[in-house]
Amino acid sequence: MARARSANGLSRHQYLFFIMPAILVVLGFTAYPALYGIWISLTNLHFAYPDSRFVGLDNYVRFFTWPALPQVATNTVIFVTSVVALQLSLGLMIALLLNKLVFGRRLMRSIAILPWVIPAVIIGLMFQQLFSGSKLGIMNTVIAMFGFETRSWLSNPSESMAIMIASVVWRGVPLSIILQLGGLQTIGRELYEAASIDGASRWQVLRYITIPSLKPILLINLIMATSGTLNHVDIPLALTGGGPGRATEVLSLSLYNQGFQVLDAAYASTIATVILIINLILTVAYLRVLRVPR
């Protein structure tokens, strides 16, 4: 039996031969560091000491008996859930508005993506200056002009968490806009015309045509937003540093503190492995719940 060949005459094995270099590069930069990090989590490696030895699951026992874990885990759930929900919903709303534009769509798309090209650390410092508790803080200057008392925004646990969420959402929404706007432009106009003829309302069009047609894009956006937020450390570090107290400390920030301040590489790798497992579990759950028809 002749081997199946594509339109350009290449067999499946020949395709594999050509893409193998790219596969090896991806595995070298992703799989190997991940596996090596898991191995480090099973040792007592510390950057301040020259030697290390295998300790098994001691670091994981230490992590799950960590007194601050309930608060850090709660902060992480609130942070990730809020950022992902706001990022996807705001991205979809703005993408729907941009898709309706006849003139200036390219200009508005360029303006919308501006926060995404700004480095995350810079955004953290921007929001820190914006909500600084001193009289030099921009928000305090504005509210003082209207006769209100100035506030120590980042000293309040709930307000500091809300500000941190807002800053990460402000940076992440542009990616959702671009992804979902691209998806909206692939939906055939005949579907909307047929719905209009049938007398469907805007809500019915959104629910039964737009959202189902965007499901593959929404799935990709959901996975990227979740993993990106779980791994996000730049803005929390630059904006609050986890404070006040541990009010805004999330798992990614705990990982940074253990790895680069305490220099406990093994414990930092343990936290990184836990984050990796959470990412994998959520990704599999998304793929099972939001099944995309082939």
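A residue is called buried when its relative accessible area is under 20%, exposed when that area is over 50%, and partly exposed in between. In the predicted model described here, G37 has a relative accessible area of 17%, and because this value is under 20%, the residue counts as buried. G37 is found in helix 2, and, when residues up to four places away in sequence are not counted, G37 touches S269 and T273. In relation to K100, G37 lies 63 residues away in sequence and 47 Å away in space, taken from C-alpha to C-alpha.

The empty space in the model was examined next. Rolling a probe the size of a water molecule over the atoms shows where such space is left. The largest pocket holds about 690 Å³ of space, and its lining is made up of 20 residues, of which L96, N99, K100, Y192 and V205 lie nearest the centre of the pocket. Two or more residues of this lining are given by each of helix 4 (69-100), helix 10 (189-197) and helix 11 (202-213). When the lining of the largest pocket is divided by residue type, 10 residues are nonpolar, five are polar and five are charged.

The second largest pocket has a volume of about 330 Å³. Its lining consists of 18 residues, and those that lie nearest the centre of this pocket are N231, L255, A272, I275 and L276. The elements that give two or more residues to the lining of the second largest pocket are helix 2 (31-41), helix 14 (251-261) and helix 15 (265-289), and among these it is helix 15 that gives the most, with eight residues. Helix 2, which contributes to this lining, is also the helix in which G37 is found. By residue type, the lining of the second largest pocket divides into 10 nonpolar and eight polar residues, with no charged residues, whereas five charged residues are present in the lining of the largest pocket.

Charged side chains were then considered as pairs, and the structure was found to hold three salt bridges. One of these is formed by D264 and R62, whose closest N and O atoms are 2.9 Å apart. This pair links distant parts of the chain, since D264 lies in the loop between helix 14 and helix 15 while R62 lies in helix 3 (residues 58-64), and the two residues are 202 residues apart. D264 has a relative accessibility of 9% and therefore counts as buried, whereas R62, at 38% relative accessibility, counts as partly exposed.

In another salt bridge the side chains of E159 and R151 meet, with a distance of 2.2 Å from N to O. E159 is buried, because its relative accessible area of 19% is under the 20% cut-off, while R151 is partly exposed, with a relative accessible area of 37%. A further salt bridge joins R246 to E249, and here the closest N and O atoms are 2.6 Å apart. R246 counts as partly exposed at 33% relative accessibility, and E249 is buried, with a relative accessible area of 7%.

How values were computed
Residues numbered from 1 in each chain as written. Predicted model: local features only at pLDDT ≥ 70, side-chain atom pairs only at ≥ 80, totals over all residues. Heavy atoms only, no water. 1 Å grid on protein atoms, 1.4 Å probe; cavity = no way out; pocket = protein on both sides within 12 Å on 5 of 7 lines; lining within 4 Å. Points joined across faces, edges and corners; volume = space filled by probe spheres on them. Helix = DSSP H or I, 4+ residues; strand = E, 2+ residues; numbered from the N terminus. Nonpolar A, V, L, I, M, F, W, Y, C, P; charged D, E, K, R; others polar. Buried < 20%, exposed > 50% of the residue type's maximum accessible area, 1.4 Å probe, protein only. Contact = heavy atoms within 4.5 Å. Salt bridge = Lys/Arg side-chain N within 4 Å of Asp/Glu carboxyl O.
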